[in-house]
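Work through the exercises below with the sequence and the 3D view open. Each task is followed by a solution in steps.

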Amino acid sequence: MSTPFSSNNVGGKPNKQKLPKIDNRIKTDKSIVVNMTATYGPRVGYLKIVPVGLGNGSQVEDQKPVLILNKNNKIQNIIIGKPGADGIHCLGGNRITNVFWEDVGEDALTAKGNESEYIGTIEIIGGGAWKAADKVIQINVPCTLKLIDFYAEDFGRLIRVNGGKKFPVTIEIIGGHFRNGTSIVRSDSPSTNVTCKNCDFVNIKDPFILPKGAKLKESDIRKF
Ligand code: ADA
Ligand code: CA
Ligand code: CA
């Protein structure tokens, strides 16, 4: 597996990263529903998708997503363009490989579904997000989130379990570079289980905001 950003900045301060080069671009004025057995997105190079009229990317709720990933659908090598709207909605069992948000809208990616039903794993491998006024990843249903070798710069919460909710969530953050943010995980659910290893935190104010009962296992975190 190869991702554009290595999390291993052994020795010295980790560098800022930039968006990859765009090879093709499209505009969409409707949410793109991904419902296929193949992976959506180019195998080589990057496709930028710019939302038009789906939302202005502010903090106003109920903007429309740019992409909806149905159960078990996968995407790769996509750049979500400004204004970002409500980003990507995931219904479970999804893999998101090398996906970038140039300017996160209301949020970048949401785990969606029925709050009483576990939707499986959402795996985000590589990729990155810039300029999230508040949240990058919003978890609204029970799931397992795996965030591997991700990059985020200028954000509020990297991962937010929906405010006030108590459903179970497992979060694994493995590798990654997180720069200028308020926190990495914030949850109000006592059945939140977080593992975070081999990451660079550069100017992260209060990395884990978790209630009593939640579990947190941290290892190899380099703080700058
Ligand atoms: C807020 C709001 C939730 C949900 C969430 C989201 O946290 O309170 O109800 O809409 O945003 O998914 O963006
Ligand atoms: Ca929101
Ligand atoms: Ca949202």
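**Exercise 1.** Is Glu61 buried, partly exposed or exposed?

Solution. The model is a predicted one.
- Step 1: the relative accessible area of Glu61 is 49%.
- Step 2: buried means under 20% and exposed means over 50%, with partly exposed in between.
- Step 3: Glu61 is therefore partly exposed.

**Exercise 2.** Find the protein atoms that coordinate the calcium ion (ligand 2), and classify the arrangement.

Solution. 
- Step 1: the coordinating atoms are Glu61 (OE), Glu61 (OE), Glu106 (OE) and Glu106 (OE), at 2.4 to 2.7 Å.
- Step 2: Glu61 sits in the loop between strand E3 (47-51) and strand E4 (67-69), and Glu106 in the loop between E7 and E8; the pair, 45 residues apart, links distant parts of the chain.
- Step 3: six donors count as octahedral if opposite donors are over 155 degrees apart and all others between 65 and 115.
- Step 4: the 6 donor atoms around this ion subtend angles of 50 to 162°, so the arrangement is irregular.
- Step 5: Glu106, at a relative accessible area of 3%, is buried.

**Exercise 3.** Describe the site of the calcium ion (ligand 3) and its link to the calcium ion (ligand 2).

Solution. 
- Step 1: the protein donors are Asp86 (OD), Asp86 (OD), Glu106 (OE), Asp107 (OD) and Asp107 (OD), and they lie 2.3 to 3.1 Å from the ion.
- Step 2: the spacing of the donor residues in sequence is D-x19-E-D.
- Step 3: Asp86 belongs to the loop between strand E5 (74-80) and strand E6 (88-90), while Asp107 belongs to the loop between strand E7 (94-101) and strand E8 (109-111); they are 21 residues apart.
- Step 4: Asp86 is buried, with a relative accessible area of 8%, and Asp107 is buried at 4%.

**Exercise 4.** Which residues lie nearest the centre of the largest pocket, and what classes of residue line it?

Solution. 
- Step 1: the pocket holds about 180 Å³ of space.
- Step 2: its lining has 13 residues, and Glu61, Asp86, Glu106, Asp107 and Asn140 lie nearest the centre.
- Step 3: the lining consists of 6 polar and 7 charged residues, with no nonpolar ones.

**Exercise 5.** Where does Asp188 lie, and what is it in contact with?

Solution. 
- Step 1: Asp188 is in the loop between strand E13 (169-186) and strand E14 (192-204).
- Step 2: beyond its neighbours within four places in sequence, Asp188 is in contact with Arg160, Gly163, Gly164, Lys165, Lys166 and Pro211.
- Step 3: with a relative accessible area of 22%, Asp188 is partly exposed.

Notes:
Residues numbered from 1 in each chain as written. Chains lettered and ligands numbered in written order. Predicted model: local features only at pLDDT ≥ 70, side-chain atom pairs only at ≥ 80, totals over all residues. Heavy atoms only, no water. 1 Å grid on protein atoms, 1.4 Å probe; cavity = no way out; pocket = protein on both sides within 12 Å on 5 of 7 lines; lining within 4 Å. Points joined across faces, edges and corners; volume = space filled by probe spheres on them. Nonpolar A, V, L, I, M, F, W, Y, C, P; charged D, E, K, R; others polar. Donors = N, O, S within 2.8 Å, 3.2 Å for Na, K, Ca; no water. Helix = DSSP H or I, 4+ residues; strand = E, 2+ residues; numbered from the N terminus. Buried < 20%, exposed > 50% of the residue type's maximum accessible area, 1.4 Å probe, protein only. Contact = heavy atoms within 4.5 Å. Tetrahedral: all angles 85-135°; square planar, octahedral: opposite > 155°, others 65-115°.
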